[in-house]
There are 2 protein chains.
Amino acid sequence: MRYELYYWPSIQGRGEYVRLALEDAGADYADVARGDRGMGAMVKMMEARSGTPPFAPPFLKAGKLVIGQTANILSYLGSRHGLAPKAEAGRLWLHQLQLTVTDFVVEVHDTHHPLGPSMYYEDQIGPAKKRTAEFWDERVPKYLGYFERLLQDHGGRWLTGRKATYVDLSLFQIVEGLRYAFPKRMKAFERKIPGLLDLHDRVAVRPNIKTYLASDRRIAFNEDGIFRHYKALDV
Amino acid sequence: MRYELYYWPSIQGRGEYVRLALEDAGADYADVARGDRGMGAMVKMMEARSGTPPFAPPFLKAGKLVIGQTANILSYLGSRHGLAPKAEAGRLWLHQLQLTVTDFVVEVHDTHHPLGPSMYYEDQIGPAKKRTAEFWDERVPKYLGYFERLLQDHGGRWLTGRKATYVDLSLFQIVEGLRYAFPKRMKAFERKIPGLLDLHDRVAVRPNIKTYLASDRRIAFNEDGIFRHYKALDV
């Protein structure tokens with residue numbers, strides 16, 4: 001079966017967590033909105049008056065299923081492609097962790113858009129500076145400290161133990177994104193998360209991920225995505 | 001089996017979506033942190049160095065399982081207590097919808113804390129006013145318009161069709177919360193969501209919900225929760 005991924009064609013954004021899982025799994029998929037008439041197809045599916053129209057991208061078409069919400073898609077893909085345990089207890093635990101990554105991603109976005117997604121960054125730079133300061137003082141240490149501690153407590157190799165999962169791929173993306181958006185702040189912070197840095201490096205050399213990152217399927221970070229580099233916020 | 005729910009004892013917050021499901025199902029549960037030494041027990045579980053310590057409340061202990069993240073808990077409870085379909089396609093769809101409710105709840109919280117959760121509301125009233133204006137201009141119509149449309153397209157009774165699910169209980173809570181936090185704004189908006197208002201009323205008279213709402217197990221809305229009534233934001 002060929003999956004169809006629907007996501008904004010010019011950013012990594014939330015779709016990237018799904019792309020990383022599909023790529024690592026070597027799954028056959030089309031990144032629909034990056035092709036001809038793909039955006040139209042995406043919008044049409046969201047506006048459907050029957051079936052299961054998603055609220056927002058990313059969503060995945062898998063045969064007859066249309067699955068929305070990043071963590072939901074990963075949960076579906078995970079146990080089918082060796083990136084999650086098959087037993088319920090393990091799946092629930094992994095999904096819980098991915099939803100915590102999801103919460104963190106929302107807070108990353110809020111650093112540059114604290115007054116809401118509909119206004120331009122340029123119209124909210126002052127509040128963005130305050131939100132970003134709080135993010136690095138309080139939220140990054142809390143979230144990444146939690147993952148660092150779990151990693152240590154589970155042997156230090158992959159977050160939940162001996163096997164890599166989709167959450168490890170997502171944590172790779174978090175480290176990449178923070179380095180892109182906040183190079184100065186992240187550099188100062190990295191000594192607190194040695195385990196996550198090692199995990200990041202282990203993900204980066206997985207053969208399918210390495211190939212993906214070097215391909216033009218990997219969209220470059222840019223200032224339309226979740227992780228944005230604004231000099232005013234990286235002090 | 002007696003479930004143990006762990007959540008902050010003095011607010012509805014995110015725990016309320018779980019409480020509503022447990023109550024509607026007539027499930028046997030303890031609201032642990034509201035009892036003696038409950039807060040200590042909750043913190044201890046979050047700080048555990050083995051097992052599956054959650055990042056934050058709410059979490060549910062179900063036998064040996066410790067399940068964190070509201071939507072994950074509801075997914076677990078749903079198919080066991082007749083509040084979700086048993087087949088995978090239906091479960092994925094329902095979970096997708098609940099995760100969209102989750103996204104909306106984050107945005108509700110951001111109305112009074114746009115500069116981040118660590119600062120007091122009183123120190124961010126100006127930005128809160130701007131964020132709230134955007135929330136009502138753009139976000140409420142987008143989210144509730146989506147649910148209203150789905151409801152109409154699925155027969156108008158319950159969100160996904162003929163049977164009530166945990167998502168319907170959550171939408172009841174969304175309507176309740178918006179009415180509490182923003183009575184003026186919500187009153188002006190309600191004519192746009194007649195279906196959701198009917199759904200709200202249908203949930204409110206479900207026997208177990210009716211009993212719950214009249215009991216002291218239902219914590220009153222207050223200004224420590226997600227839905228907060230601040231006059232400056234309700235214009």
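This is a predicted model: local features need pLDDT of at least 70, side-chain atom pairs count only at pLDDT 80 or more; totals for chains, interfaces and linings use all residues.
Local features need pLDDT of at least 70 and side-chain atom pairs count only at pLDDT 80 or more, while totals for chains, interfaces and linings use all residues. Residues are numbered from 1 along each chain as its sequence is written, chains are lettered from A in the order in which they are written, and side-chain values use heavy atoms, with hydrogens and water left out.

**The interface of chain A and chain B**

- Contact, meaning heavy atoms within 4.5 Å, links 48 residues of chain A with 48 residues of chain B.
- The buried area, which is the accessible area (1.4 Å probe) that two parts lose on being put together, summed over both, is about 4200 Å² between chain A and chain B, and carbon and sulfur atoms give 56% of this area.
- Between the two chains there are 6 salt bridges, a term for a side-chain nitrogen of Lys or Arg within 4 Å of a carboxyl oxygen of Asp or Glu.
- Arg80(A) and Glu88(B) form a salt bridge in which the closest N and O atoms are 2.8 Å apart.

**Two helices of chain B**

- Helices here are DSSP runs (H or I, at least four residues), numbered from the N terminus.
- Helix α1 (residues 15-25) of chain B packs against helix α3 (residues 70-80) of chain B at an angle of about 10°, with the axes 9 Å apart; the axes are lines fitted to C-alpha atoms over the stretch in contact, and angles run from 0 to 180 degrees between N-to-C directions.
- α1(B) and α3(B) are therefore roughly parallel to each other, the word used for angles under 35 degrees.
- Tyr17(B), Val18(B), Ala21(B) and Leu22(B) of α1(B) make this contact with Thr70(B), Ile73(B), Leu74(B) and Leu77(B) of α3(B).

Note on methods: Angles under 35 degrees count as roughly parallel, over 145 as roughly antiparallel, 65 to 115 as roughly perpendicular and the rest as oblique.
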